[in-house]
Amino acid sequence: DIRLLAPHGVDLFLLPKVEDPEEVMAAEQLLGELGVDCFLIPILESAKGVLNAWPIATASPRVVALAIGLEDYTADLGTERTADGRESWWARSQLVNVARAAGIQPLTSVFANIDDHAALLQWVKTWIFHLTTISIKSDDAPDQLVLAYRGQEFRWNQVDVGFIEQD
């Protein structure tokens, strides 16, 4: 995908299911060979990926954020997602600490149950307002921006790739 899309002015590539820093370094090398200047966001979607968060986050200066994909992460753990997210608390906390230590933006997963607005508001209160370093990743569900915005001040992140963060 990178080889085909990079020459056409892509500003950022999401790297899904990253488990090792070598995957980021391979994308870095390919972008360098193509002479393309763009950003990378690795998505951690397994226990191995979360355990390797630091070397992944620091594998390339192109990495501007670190994201977690909770559907695949919880499946890798052999568990189910809960409404309060207790099964992923450690992984999310790990991601926030690693991203902040690396000087990049931590991103949380999308809220998968888009029809349950009450649960979404609770999720926002738990994961956004209490851990204000996590941003809402909204590219998969743009209607959630309006719901999450009610009653709170949000601003677009410095890296304008379709996510927001609380002031």
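Strand 1 and strand 2 pair in the parallel sense, over four bridges; two strands count as paired if DSSP finds at least two bridges between them. Helices (H or I, at least four residues) and strands (E, at least two) are DSSP runs, numbered from the N terminus. Within this pairing, Leu12 has Phe39 of strand 2 as its bridge partner. Between strand 1 and strand 2 the chain passes through helix 2, and this β-α-β crossover is right-handed: with the strands pointing away from the viewer, the path from the first strand over the helix to the second runs clockwise.

This is a predicted model, in which local features need pLDDT of at least 70 and side-chain atom pairs count only at pLDDT 80 or more, while totals for chains, interfaces and linings use all residues. Residues are numbered from 1 along each chain as its sequence is written, and side-chain values use heavy atoms, with hydrogens and water left out.

The protein chain as a whole has eight helices and seven strands. Of its 167 residues, 47% are buried; buried means under 20% relative accessible area, exposed over 50%, and partly exposed in between (1.4 Å probe, protein chains only). Contact means heavy atoms within 4.5 Å. Among contacts between residues at least 6 apart in sequence, 65% join residues at least 24 apart.

The loop between strand 1 (12-15) and helix 2 (21-34) holds Lys17. Lys17 has a positive phi, near 55°, although it is a residue other than glycine. Its relative accessible area is 47%, so Lys17 is partly exposed.

Helix 2 comes next. Its 14 residues should span 20 Å at 1.5 Å a residue, and its end C-alpha atoms are 20 Å apart, which agrees; the expected span is 1.5 Å times one less than the number of residues. The buried residues of helix 2 are Pro21, Val24, Ala27, Leu30 and Leu31. An α-helix has 3.6 residues a turn, so residues three or four places apart point the same way. The buried residues of helix 2 pack against helix 1 (2-5), strand 1, strand 2 (39-44) and helix 4 (53-57). Beyond its neighbours within four places in sequence, Val24 is in contact with residues including Leu15, Leu40, Pro42 and Ile56. After helix 2 comes Gly35, with a positive phi near 70°.

Val24 also belongs to the largest nonpolar core, which has 28 residues; Ile2, Phe13, Leu15, Val24, Leu31, Leu40 and Leu66 have the most contacts inside it. A nonpolar core is a set of buried Ala, Val, Leu, Ile, Met, Phe, Trp, Tyr and Cys residues joined through side-chain atoms within 4.5 Å. Among the elements that give two or more residues to this core are strand 1, helix 2, strand 3 (65-68) and helix 6 (89-102). A second, separate core of seven residues includes Leu12, Ile43, Val64 and Ala65.

Leu66 lies in strand 3. With a relative accessible area of 0%, Leu66 is buried. Leu66 and Leu15 are 51 residues apart in sequence, and 9.8 Å apart in space from C-alpha to C-alpha.

Helix 6 has 14 residues, which at 1.5 Å a residue should span 20 Å; its end C-alpha atoms are 20 Å apart, in agreement. Buried residues in helix 6 include Ala91, Leu95, Val98 and Ala99. Just after helix 6, Gly103 takes a positive phi of about 75°.
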